[in-house]
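Morning, everyone. I'll go through it piece by piece.

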Amino acid sequence: MINKRIDELFEAIKNSNEYQEYLNIGEVMNQDEEINKLVSEIKTLQKKSVNLEYNNDDSYKEVDKLIDEKVKELNKRPLYQEYLRRMNNFNDMLSESSSNIEEYINSKI
């Protein structure tokens with residue numbers, strides 16, 4: 001019985017407007033070559049920074065500055081801003097659902 005209810009909950013989440021909007025903007029964003037390039041560059045630089053810092057190489061600070069510049073450039077893009085907005089809306093819905101489940105369980109214990 002519990003598994004059925006959990007499956008129903010997941011189905012409701014998958015069918016929610018927040019999740020569908022998040023998926024839709026994600027698909028659109030994945031087609032934007034400039035955004036994908038920036039994200040890829042940021043990930044590569046982050047790995048480099050972590051390795052440099054791990055090896056006690058202070059040049060990671062310069063790499064971090066470059067990361068900050070790339071992130072600022074990414075955050076200026078309206079499509080990416082919309083992606084973040086929709087992602088936050090979806091995360092808020094999940095958080096609220098989780099809180100409601102926790103309250104329900106606590107009220108029954």
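In which helix is glutamate 11 found? Glutamate 11 is in helix H1. Keep in mind that this is a predicted model.

Is glutamate 11 buried, partly exposed or exposed? Its relative accessibility is 40%, so glutamate 11 counts as partly exposed. Now find glutamate 96. Along the sequence, glutamate 11 and glutamate 96 are 85 residues apart. In space, their C-alpha atoms are 16 Å apart.

Next, how H1 meets H2. A word on description first. Two packed helices are described by the angle between their axes and by the distance between those axes. The axes of H1 and H2 come within 5 Å and cross at roughly 55 degrees. That angle makes H1 oblique to H2. On the H1 side, the contact uses Ile13, Lys14 and Asn15. On the H2 side, the partners are Asn17, Tyr19 and Gln20. By class, this contact has 2 nonpolar, 3 polar and 1 charged residue.

On to helix H5. It covers residues 78–108, which is 31 residues. From first C-alpha to last, H5 reaches 45 Å. That is close to the 45 Å expected at 1.5 Å a residue.

Which residues of H5 are buried? Tyr80, Tyr83, Phe90 and Met93 are buried. An α-helix has 3.6 residues a turn, so residues three or four places apart point the same way. And what do the buried residues of H5 pack against? They pack against four helices: H1 (2–15), H2 (17–30), H3 (33–54) and H4 (60–75).

Let's take one of those partners, H2. H2 and H5 pack at an angle of about 155 degrees. Their axes are 9 Å apart. Why call the pair roughly antiparallel? Angles over 145 degrees count as roughly antiparallel, and H2 and H5 are therefore roughly antiparallel to each other. The crossing of H2 past H5 is left-handed.

Now the residues. H2 brings Glu18, Tyr19, Glu21, Tyr22, Asn24, Ile25, Gly26, Val28 and Met29. H5 answers with Leu79, Tyr80, Glu82, Tyr83, Arg86, Met87, Asn89, Phe90 and Met93. The contact of H2 with H5 divides into 11 nonpolar, 3 polar and 4 charged residues. Tyr80, Tyr83, Phe90 and Met93 are in this contact, and they are buried.

One more pair: H3 and H4. They pack at about 160 degrees, with axes 9 Å apart. That makes H3 roughly antiparallel to H4. Their crossing is left-handed. From H3, the contact includes Ile35, Leu38, Ile42 and Leu45. From H4, Val63, Ile67, Val71 and Leu74 are among the residues that take part. In total, this contact of H3 with H4 has 12 nonpolar, 2 polar and 6 charged residues.

Stay with H3 for a moment. Lysine 47 is found there. Lysine 47 is exposed, with a relative accessible area of 59%. Lysine 47 and valine 63 are 16 residues apart in sequence. C-alpha to C-alpha, lysine 47 and valine 63 are 10.0 Å apart in space.

Last stop: where is asparagine 56? Asparagine 56 sits in the loop between H3 and H4. Its phi is positive, about 60 degrees, although asparagine 56 is not a glycine. And at 72% relative accessibility, asparagine 56 counts as exposed.

How values were computed:
Residues numbered from 1 in each chain as written. Predicted model: local features only at pLDDT ≥ 70, side-chain atom pairs only at ≥ 80, totals over all residues. Heavy atoms only, no water. Helix = DSSP H or I, 4+ residues; strand = E, 2+ residues; numbered from the N terminus. Expected span 1.5 Å × (residues − 1). Buried < 20%, exposed > 50% of the residue type's maximum accessible area, 1.4 Å probe, protein only. Contact = heavy atoms within 4.5 Å. Axes fitted to C-alpha atoms, helices over the stretch in contact; angles between N-to-C directions. Parallel < 35°, antiparallel > 145°, perpendicular 65-115°, else oblique. Left-handed = near helix turned anticlockwise from the far one by under 90°. Nonpolar A, V, L, I, M, F, W, Y, C, P; charged D, E, K, R; others polar.
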